[in-house]
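Hi,

Here is the structure I said I would pass on. Have a look at it first, and my notes follow below.

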Amino acid sequence: MAPLLSLILLLILSFSSSISGNKFTVGDEKGWNPGVNYTIWVNKHKPFYIGDWLVFYYQSGMADVVQVDETAYEKCDASNPIRNYSKGRSYAFELNETKHYYFICSYGYCYQGMKVAINVQKLPPPSPPPSHPSAAPFSLLYSSSFSAAVAALFSAVAAAGILLLR
């Protein structure tokens with residue numbers, strides 16, 4: 001039973017990693033800190049899509065992450081935030097709408113460029129499967145029966161998980 005469960009979990013992880021968004025560490029190895037050119041960082045990593053995640057790493061008590069509108073972003077004004085996160089040393093934010101997102105640091109570093117603007121797009125449709133005969137097995141990946149099989153697999157795993165917890 002355990003090898004089967006391990007196989008099922010491995011399949012789920014491989015499928016879920018292919019359908020979940022990308023994780024971006026804002027500022028890469030420099031993190032969410034003063035002295036980082038976030039415009040260059042955005043240009044390096046764009047496009048951003050619905051389902052992607054932004055992860056802000058910063059020093060506790062030295063910075064925060066404030067989501068603001070475009071006007072507040074331009075003025076470095078955190079007085080009317082959409083969201084404000086200052087606990088801990090990191091903050092993960094899912095990009096869940098097609099729109100512009102604006103983040104600043106309210107500790108005064110925004111004036112030194114510690115702000116980032118992200119334009120989120122819809123995920124592009126998948127590429128069509130190859131049309132040559134040798135690719136026929138791969139065409140299953142795009143079929144509705146494959147989707148049904150994946151759904152059945154998730155249901156089986158959920159049922160197995162419930163049985164294991166009892």
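Two strands count as paired if DSSP finds at least two bridges between them, and the strands (E, at least two residues) and helices (H or I, at least four) are themselves DSSP runs, numbered from the N terminus. With that in hand, three strands make an open sheet in the order E1-E3-E6, with mixed pairing. Strand E1 (23–25) and strand E6 (90–94) are at its edges; each has a single partner strand, so one side of each has no neighbour in the sheet. E1 runs parallel to strand E3 (residues 53–57), with three bridges between them, and Phe-24 has Leu-54 in E3 as its bridge partner.

A quick word on the source: this is a predicted model, where local features need pLDDT of at least 70, side-chain atom pairs count only at pLDDT 80 or more, and totals for chains, interfaces and linings use all residues. Residues are numbered from 1 along each chain as its sequence is written, and side-chain values use heavy atoms, leaving out hydrogens and water.

Phe-24 also turns up beside a histidine: leaving aside neighbours within four places in sequence, His-45 is in contact (heavy atoms within 4.5 Å) with Phe-24 and Asp-28. The side chains of His-45 and Asp-28 make a polar contact at 2.9 Å; that term means N or O atoms within 3.5 Å, and within protein one must be able to donate a hydrogen and the other to accept it, while residues adjacent in sequence count only if both atoms are side-chain atoms. His-45 sits in helix H2 (residues 38–45).

Cheers
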